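Walk through this structure with me, one element at a time.

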Amino acid sequence: MIDPDTVTLGRVDDDGFPAFRRAFAATFGFDHSDEELERSRRVAEVDRLVAARDADGRIVGTSGAYTFGMSLPGGVDASCAGITVVSVRADHRRRGLLTRMMEQLFADADDRREPFAALWASESPIYGRYGFGPAVPTLNVTIERQHGALHHDGPVGEVELLDPDAVTDTLPDLHEAARRQRGGTMTRPDGWWRRLVADPSDARDGAGPLRYALLPGRGFATYRLKPDWGTGAPVGMVQLEDLVALDPGATAALWRFVIDTDLSAKLEAIRRPVDDPIVPLLIDPTRATFRYGWSLWLRLLDLPAAVAARRYLVDGTIVLEVSDELRPANAGRWRIEVTDGTARCERTDAAPDLMMDTSGLATVLLGGVRATQLHLASQVHGELAAAAALDRLFAVDLAPNSDLMF
Ligand SMILES: CC(C)(COP(=O)(O)OP(=O)(O)OC[C@H]1O[C@@H](n2cnc3c(N)ncnc32)[C@H](O)[C@@H]1OP(=O)(O)O)[C@@H](O)C(=O)NCCC(=O)NCCS
């Protein structure tokens with residue numbers, strides 16, 4: 001029997017990074033190659049990694065965080081710890097190691113005054129206990145090319161295919177301009193762009209290299225063609241990675257361009273926002289498949305700072321009673337008062353309009369999930385009318401979206 005008390009948490013340095021990364025890759029069944037190590041090193045923040053080591057110094061648990069800016073409703077940004085590389089070796093599971101690592105990651109984020117933590121969950125049941133809520137629903141879209149006709153009669157402009165060398169000169173600015181239109185989108189630091197462009201052939205799963213379609217100054221799409229010759233006729237699949245557009249004409253032009261890829265029969269797009277304009281753009285959306293999924297799980301580390309960080313479309317006041325077992329500083333009654341689009345969030349003794357767990361508040365704060373829906377699922381308590389009032393207060397222009405899997 002392995003004694004959990006002999007496992008200690010500690011930091012990782014540059015020399016220890018390969019062993020750390022290999023321990024993580026082993027649990028996830030990922031490649032351990034030197035190339036993959038180099039790719040992950042491009043984006044890793046080694047000083048934010050936390051390793052669990054057994055009595056012999058072997059790494060038996062891994063975790064870490066990225067330092068992101070996250071867009072919030074109203075076009076503002078907040079600091080966010082992007083939790084990542086979470087793994088516990090199979091023979092050390094269910095002894096509380098993840099819980100210990102999570103506490104350390106939260107403490108690190110507190111030191112950096114990050115009001116939010118966020119992650120992509122491999123399995124949904126894991127993270128609710130740590131106060132994370134599924135804040136960003138997404139659409140995964142499949143479009144048969146033969147049913148891909150779009151409503152669009154305006155001029156579209158010329159789409160150019162970019163050389164990979166030109167990507168980092170052009171796409172980051174467009175991405176940054178589009179990022180603030182929706183909440184939940186992380187900054188994409190330079191290392192992430194370089195990692196994208198590196199596009200190693202061993203990580204393409206049979207698809208071709210990434211292509212970069214640009215509408216200068218207006219948007220871009222990145223996509224691959226996965227060739228398939230079927231019984232002779234080409235029935236390849238376009239895999240859309242990103243489609244970022246700053247105006248409706250660019251949106252239609254880029255979708256048109258990727259759907260009409262030669263030698264393809266269908267397109268698959270993942271991580272699309274739930275209000276993606278592709279739905280009404282399609283002349284026959286009933287022929288497309290839309291699958292609901294989740295991207296970002298959000299955790300409010302500093303509740304009043306998190307609530308005050310976003311902007312609001314309407315004024316109003318509401319009192320919430322929030323439970324938060326892990327972080328008692330968040331627990332209790334909070335009065336949220338919005339004036340001229342800005343919120344004050346202060347402790348109060350007033351009777352609460354609604355009661356919820358901290359994960360429920362994290363779920364609804366970006367406006368991607370409605371409090372009324374959680375009320376009907378018994379995850380927000382109080383009058384339905386109060387949940388509807390919270391929906392009006394937390395309403396957003398555009399649904400949140402999270403386009404960077406980290
Ligand atoms: C998920 C993982 C990190 C959990 O590590 P762990 O050290 O076993 O977790 P802990 O012992 O701290 O578990 C804490 C609680 O979470 C629960 N839990 C852990 N993993 C769970 C899972 N996959 N599904 C449901 N509950 C889970 C435990 O049962 C425990 O509950 P309890 O406190 O009520 O007893 C580990 O199983 C793992 O490495 N899995 C494969 C990789 C992975 O999925 N990583 C997550 C990346 S997003």
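Begin with the buried residues of helix H3: Leu97, Leu98, Met101, Met102, Leu105, Phe106 and Ala109. Look down the helix axis. These residues fall within an arc of 165°, so they line one face of H3. The general rule for such a pattern is simple: an α-helix has 3.6 residues a turn, so residues three or four places apart point the same way. The model here is a predicted one.

Now turn to the other side of H3. There Thr99, Ala107 and Asp111 are exposed. What covers the buried residues? The cover includes strands E1 (8-10), E2 (50-53), E3, E4 and E5 (116-120).

Just after H3, arginine 113 takes a positive phi of about 55°.

The ligand is surrounded by 17 residues, and the closest are Arg93, Leu97, Leu98, Ser122 and Pro125. Strand E4 (76-88) and helix H3 (97-111) are the elements that give two or more residues to this shell. By class, the shell has seven nonpolar, five polar and five charged residues.

Step back to the whole chain. The protein is divided into domain 1 (4-114), domain 2 (138-294) and domain 3 (302-393). The C-alpha centres of domain 1 and domain 2 lie 31 Å apart. Across their boundary, twelve residues of domain 1 are in contact with 15 residues of domain 2. Which elements supply the domain 1 side? Helix H2 (34-43) and strand E3 (59-72) each supply at least two residues. E3 gives the most, with five residues. By class, this side has five nonpolar, four polar and three charged residues.

Finish with threonine 6, in the segment before E1. Is threonine 6 buried or exposed? Threonine 6 has 10 other C-beta atoms within 10 Å, so it is exposed. Leaving aside neighbours within four places in sequence, threonine 6 is in contact with Asp54 and Ala55. Glutamate 337 is 331 residues away in sequence and 48 Å away in space, C-alpha to C-alpha.

How values were computed: Residues numbered from 1 in each chain as written. Predicted model: local features only at pLDDT ≥ 70, side-chain atom pairs only at ≥ 80, totals over all residues. Near = placed C-beta within 6 Å. Helix = DSSP H or I, 4+ residues; strand = E, 2+ residues; numbered from the N terminus. Nonpolar A, V, L, I, M, F, W, Y, C, P; charged D, E, K, R; others polar. Domains from an automatic or database assignment. Contact = placed C-beta atoms within 7 Å. Buried ≥ 20, exposed ≤ 12 C-beta atoms within 10 Å, placed from the backbone. Arc of directions from axis to C-beta.
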